[in-house]
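Here's a quick briefing to read alongside the model. Have the sequence and the 3D view open as you go.

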Number of protein chains: 2
Amino acid sequence: MRQAVMHAPGDVRVEDREDPVIIEPTDAIIRLSATCICGSDLWPYRGAEPVEHQVMGHEYVGVVEAIGDEVRTIEVGDFVVGSFWASDNTCEICRAGYQAYCVHRVLMGTIGTQSELARIPLADGTLVATPGMPEPDLIPSLMAASDVLGTGWFAAVAAEAGPGKTVAVVGDGAVGLLGILAAKQLGAERIIAFSRHADRQTLAREFGATDIVEERGENGVAKVKELTDGLGAHSVIEAVGTQEAMMQAIHSTRPGGHVGFVGVSHDVAIPGDELFMAGVHLHGGPAPVRQYLPELIKLIWDRAIDPGKVFDLTLPLDRAAEGYQAMDQRTATKVLLLP
Amino acid sequence: MRQAVMHAPGDVRVEDREDPVIIEPTDAIIRLSATCICGSDLWPYRGAEPVEHQVMGHEYVGVVEAIGDEVRTIEVGDFVVGSFWASDNTCEICRAGYQAYCVHRVLMGTIGTQSELARIPLADGTLVATPGMPEPDLIPSLMAASDVLGTGWFAAVAAEAGPGKTVAVVGDGAVGLLGILAAKQLGAERIIAFSRHADRQTLAREFGATDIVEERGENGVAKVKELTDGLGAHSVIEAVGTQEAMMQAIHSTRPGGHVGFVGVSHDVAIPGDELFMAGVHLHGGPAPVRQYLPELIKLIWDRAIDPGKVFDLTLPLDRAAEGYQAMDQRTATKVLLLP
């Protein structure tokens, strides 16, 4: 099969590799209908994380080709969506809704899903089948559910977005944009998007943003305060992962409000005294996407939401390198790859 | 009147000062029945915060001597308890339960309550009257409600202590001990106290601790994991304010669990990547004690709780300097001062 491998920062190649096989009786093998490039894949691409001859990708949708002897709820031929963490969905942590921390979790990035085929561990716990074979135009949205939508959704839940709430969103990448969509679905009254890019502003408004703030850092905070009687937003989503973004999120939140952070933190240190004086709730980390998949698949299947719009470039898998380049240079927000 | 003044680190004197008077029509003047020394008063005492000829104290109970023209709910002769933040209790932030961030808040520490008399701003919002004149033996407990009990209670609420939960408490000072009492009242199933002092361990058990862990730092974390099937506690209270205590709290919490932190942070920086991977909820800051006062006063009045036990040294106000020394040298946990 063909699979993307990052040999070094900036060097992604699609190569012939051995087909995956069932290893554990709880495994499934899927043939990917789509895969994609994640913002977090750019960290090693840019040299901010070490990388050496590493398989890439952790997002996937596709059709089940084989199952292990102990797989009970997933069948060959099912169209399935899964999260970037494989999880048993039965342990105490999974039952509490934190499948990204399942005691048996497997990081899909170590298996790599920018490929034609992929082995999915803990198939019963990890995979959710759609009601049938999706229309082709639904595939980008189902693909989004695997990570960026699920992550934006978690951020909005962690920020306690809901009726009567003013929500601010730091970051206008795919996750931030889908955080806006999630906040809207959860009933937020007002949604303030921080964005400087005209095309992303347009999508932000389409997904539910009511206000756009172009300022960043403390100037951005001042703008949010201005829009909220000096108090700050009730709920703030942080979908970047830098020090500036984290502090912008904390300072944009009113005392007693909630920050949901899903940007993978790099070189972030939160000053304890500032957090103490801010009086906000802070919650985040790798999203337990599995928790939300049944609900998200239903919303997509019923065409209530169209998160697939975040994909603004589609390429065949073999041209993955171009996709990385486009996201690195910000000529694309999110790249869909078709094996 | 007599009032404690810190001239410099380590130098506390009780001096003759002018009696306070009504300044705003929303003020009240109270005659203190008791006041006390807070763990946070030790930061300037030890030179960790700047101090120069500063009035001290922010905890108070007493009898109303005078009220301003606009005070409606508090009467002369009432026995009252208030928080260390004066608050209007009507603004949007107060109504959301975050009175410590009231848009009109006044820090009582700037007025100083280690004194015979004190001016209380925003009396209607700040003060809660007891059902009548308390029996003398209830005064230490009512005094505790003004800060340490209210703060421990907030920490337990922020940590979402409740039925079925395992709660760990970092810090065995007055706030930590009363965090244990709060967790017990809130229905926690198991309460793990970190403590190395025999007398504090005894009080911890009396307040509801089921397990004592003497190890600190990562050894303490390992012990909590051992007691919780490797998962960590559901709820952790941080009542110290140091880097070690904060990280001990975060690492002792299971993914999806809650850390309630009320130790005034000094030189704490929370690494973003560790917080991201921990997946905990983090909430804390100055406690909105006012929110809990009616409930806490009722529990004390009904003799359902006895938080006054944290006072292990009682001195006349004029001997405040001895009280500071005792707390600094840890020969006392919490000092009650009688004007």
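By what turn and what shift along the axis can chain A be laid on chain B? A turn of 180 degrees and a shift of 0.0 Å along the axis do it, with an RMSD of 0.0 Å; the superposition is by least squares on the C-alpha atoms of residues with pLDDT of at least 70 in both copies. The two copies are thus related as by a two-fold rotation axis.

This is a predicted model, where local features need pLDDT of at least 70, side-chain atom pairs count only at pLDDT 80 or more, and totals for chains, interfaces and linings use all residues. Residues are numbered from 1 along each chain as its sequence is written, while chains are lettered from A and ligands numbered from 1 in the order in which they are written.

**Where the chains meet**

- 29 residues of chain A are in contact with 29 residues of chain B, contact being C-beta atoms, placed from the backbone, within 7 Å.
- Both copies use the same surface, as 100% of the contact residues of chain A recur in chain B.
- On the chain A side, two or more residues each come from α2 (92–95), β15 (253–261), β16 (269–271), α10 (272–278) and β17 (281–284); helices (H or I, at least four residues) and strands (E, at least two) are DSSP runs numbered from the N terminus.
- α10(A) gives the most to that side, with 5 residues.
- The side of chain A that touches chain B splits into 17 nonpolar, 9 polar and 3 charged residues. Here Ala, Val, Leu, Ile, Met, Phe, Trp, Tyr, Cys and Pro count as nonpolar, Asp, Glu, Lys and Arg as charged, and the others, Gly among them, as polar.
- β16(A) and β16(B) run antiparallel and are joined by 3 bridges; strands pair if DSSP finds at least two bridges between them.
- Within that pairing, Pro271(A) stands opposite Ala269(B).

**A helix pair in chain A**

- α5 (148–158) and α11 (289–301) of chain A pack at about 105 degrees, with axes 9 Å apart. Axes are lines fitted to C-alpha atoms, for helices over the stretch in contact, and angles run from 0 to 180 degrees between N-to-C directions.
- That makes α5(A) roughly perpendicular to α11(A), a label for angles of 65 to 115 degrees.
- α5(A) brings Leu149(A), Gly150(A), Thr151(A) and Trp153(A) to the contact, and α11(A) brings Val289(A), Tyr292(A), Leu293(A) and Leu296(A).
- These contact residues come out as 6 nonpolar, 2 polar and no charged.

- An open sheet of 3 strands runs in the order β2-β1-β4 in chain B, with antiparallel pairing.
- β2 (11–16) and β4 (54–55) are at the edges with a single partner strand each, so one side of each has no neighbour in the sheet.
- 6 bridges join β1(B) (2–8) to β2(B), and Ala8(B) has Asp11(B) as its bridge partner.
- α12(B) (320–328) lies across β1 and β2 of chain B, at about 160 degrees to β2(B).

**Burial in chain B**

- 8 of the 10 residues of α9(B) (243–252) are buried, so this helix is largely enclosed by the rest of the structure. Buried means 20 or more other C-beta atoms within 10 Å, exposed 12 or fewer, and partly exposed in between, with C-beta atoms placed from the backbone.
- Gly68(B), in the loop between β5 (61–67) and β6 (79–81), counts as partly exposed because it has 18 C-beta neighbours inside 10 Å.
- The C-alpha atoms of Gly68(B) and Thr26(B) are 5.3 Å apart, although 42 residues separate them along the chain.

Methods. Angles under 35 degrees count as roughly parallel, over 145 as roughly antiparallel, 65 to 115 as roughly perpendicular and the rest as oblique. Two residues are in contact if their C-beta atoms, placed from the backbone, lie within 7 Å.
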